[in-house]
Amino acid sequence: VSFRFVSFRSVFVFFFRGDCGFCEGMVGMEDVQAAKRLKLGGEAEGEDPYVVPAEDVMRLTLVDRPEDVLAEREQSEWFCPAFTHQVFGQDEVVRGYEDCEVLVYLHASTMHAFVKISLKGKQEGADDIPHLLDENLGLQYTCDPQEFAKRVKDTEQALRTALEGARTGPAADCEIVSFKPWENAALRELHDRLQAMPLLYVDGANYIDNTDPRWEIYLALRGGRVAGFATVYGFYAYPARKRLRLSQILVFPPHRRQGVASGILGRIYEDASARGALDLTVEDPSEEFQLLREGLDAKRLEEGGRGYYVGFVDEALRKGKAMLDNGMRAETLLLPSKEVYKRAETDLKIHRAQLRRVWEIVLLRRMRRSGGWENAEDVVRQLVWVRLSNVVGEKKLEERSRGKEVVELN
């Protein structure tokens with residue numbers, strides 16, 4: 001399963017396919033921007049040059065050295081934001097400028113920001129871009145190259161020392177560092193500078209209160225550069241346990257498709273098990289993240305429990321094949337038992353609803369490997385249909401119950 005977290009150059013589309021439960025398609029970011037231009041008046045003659053989609057104005061890049069901000073623009077690799085409504089408003093346009101360009105340079109190790117704004121013309125009442133970047137995005141930036149260099153220099157050593165003292169662990173070709181931001185000022189300030197990024201790449205993202213001791217940050221580093229990060233919140237679970245919830249996860253463009261996201265998620269799972277957490281859930285997961293999670297959880301099921309889970313699947317398939325051929329329904333023969341649900345939650349920290357989805361993937365893989373299952377896709381499709389029907393039924397019941405109350409009659 002491949003993973004892309006809200007690509008800069010494309011928007012992910014998720015939809016159902018019978019053979020394995022899901023597949024992926026792509027819609028180009030250029031198409032999204034074209035739709036926004038159409039909404040603004042299209043490409044027709046007379047288009048207002050002072051009203052421009054924000055994605056055409058704002059660009060970001062990562063730099064290793066402060067002096068790189070003085071290099072020619074073409075020497076850097078630039079990326080446009082996926083979402084700009086939290087900065088420029090719901091219509092995601094910049095008003096009042098002609099040929100405006102907002103270049104954001106992020107120092108790859110400290111995440112300090114340098115901003116360069118250029119323009120050809122400006123109308124009266126134009127958007128106050130510096131104010132929007134400061135107030136709406138919360139970007140802690142400077143437009144002075146010397147001040148930018150000073151901030152990096154003043155921060156690097158303290159940040160390096162703080163990271164060395166944090167909990168670390170390897171993952172793929174990167175290092176995962178975890179810390180509670182309220183415990184260390186340098187690490188909390190680093191996360192403060194990171195908080196603007198989810199607003200640009202995760203729809204509906206918000207700042208978190210990193211002074212709350214229940215938040216933990218997982219930081220992926222590659223060669224000392226920040227490759228991505230995740231935020232996890234710990235909830236109380238009766239009687240004396242904790243339930244972990246993954247709130248945000250973001251991988252920066254130069255480090256995508258290199259195992260960073262799965263490395264972060266794997267490390268979070270390891271910590272959840274080591275701390276005896278009840279389970280690990282995800283807050284409002286995007287479709288593309290759900291694909292990553294399902295792929296990783298399917299692998300953990302196949303490799304975990306010393307063969308317990310795949311053994312259960314194989315035995316269920318062996319016993320159930322003849323009965324399925326005789327017309328019995330798959331959901332009565334092939335779904336996990338109560339013991340499987342309990343063990344997966346206890347040992348692997350896979351929530352019940354998540355296990356139900358992942359089970360379909362493992363079933364299909366085992367059926368294809370064992371051979372003799374020409375109707376494997378039809379069997380799994382039946383299980384998917386039952387699961388989705390239950391979800392739809394629960395939502396309809398919830399909608400019908402809204403506004404109703406129980407009244408006791410004497």
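Helices (H or I, at least four residues) and strands (E, at least two) are DSSP runs, numbered from the N terminus. The structure is a predicted model, and its chain contains 12 helices and 16 strands. Ala166 is found in the loop that links α4 (145-164) to β11 (167-171).

**Chain overview**

- The chain has 410 residues, of which 49% count as buried.
- Among contacts in the chain with a separation of 6 or more, 66% are accounted for by residues 24 or more positions apart.
- The accessible surface of the chain is about 21200 Å², and carbon and sulfur atoms contribute 49% of that surface.

**Packing of α7 with α8**

- Two packed helices are described by the angle between their axes and the distance between the axes.
- Helix α7 spans residues 260-274 and helix α8 spans residues 287-303; their axes come within 11 Å and cross at roughly 55 degrees.
- The crossing of α7 with α8 is right-handed.
- On the α7 side, the contact is made by Ala261, Ser262, Leu265, Gly266 and Tyr269.
- On the α8 side, the contributing residues are Phe289, Leu292, Arg293, Leu296, Asp297 and Arg300.
- By class, the residues of the contact between α7 and α8 comprise six nonpolar, two polar and three charged.

**Packing of α9 with α11**

- Helix α9 (residues 308-325) packs against helix α11 (residues 352-370) at an angle of about 65 degrees, and their axes are 10 Å apart.
- Helices α9 and α11 pass each other in a right-handed crossing.
- From α9, the contact involves Tyr309, Val310, Phe312, Val313, Asp314 and Leu317.
- From α11, the contact involves Trp359, Val362, Leu363, Arg366 and Met367.
- The contact of α9 with α11 has nine nonpolar residues and two charged ones, with no polar residue.

- Leaving aside neighbours within four places in sequence, Ala166 is in contact with Val177, Ser178 and Phe179.
- Ser178 lies 12 residues from Ala166 along the chain, and the C-alpha atoms of Ala166 and Ser178 are separated by 6.4 Å.

**Backbone features in loops**

- Tyr238 and Pro239 are joined by a cis peptide bond, with omega about 5 degrees.
- Pro239 is placed in the loop between β14 (225-237) and β15 (241-251).
- Asp284, a residue other than glycine, has a positive phi, near 45 degrees.
- The loop that holds Asp284 runs between β16 (280-282) and α8.
- Asp284 has a relative accessible area of 71% and so is exposed, the threshold for exposed being over 50%.
- Arg306 likewise has a positive phi in a residue other than glycine, with a value near 50 degrees.
- Arg306 is placed in the loop between α8 and α9.
- With a relative accessible area of 88%, Arg306 is exposed.

Terms used: Residues are numbered from 1 along each chain as its sequence is written. This is a predicted model: local features need pLDDT of at least 70, side-chain atom pairs count only at pLDDT 80 or more; totals for chains, interfaces and linings use all residues. Side-chain values use heavy atoms; hydrogens and water are left out. Axes are lines fitted to C-alpha atoms, for helices over the stretch in contact, and angles run from 0 to 180 degrees between N-to-C directions. A crossing is left-handed if the near helix is turned anticlockwise from the far one by less than a right angle, and right-handed if clockwise. Contact means heavy atoms within 4.5 Å. Ala, Val, Leu, Ile, Met, Phe, Trp, Tyr, Cys and Pro count as nonpolar, Asp, Glu, Lys and Arg as charged, and the others, Gly among them, as polar. Buried means under 20% relative accessible area, exposed over 50%, partly exposed in between (1.4 Å probe, protein chains only). Accessible areas come from the Shrake-Rupley method with a 1.4 Å probe; for residues, only the protein chains shown count as cover.
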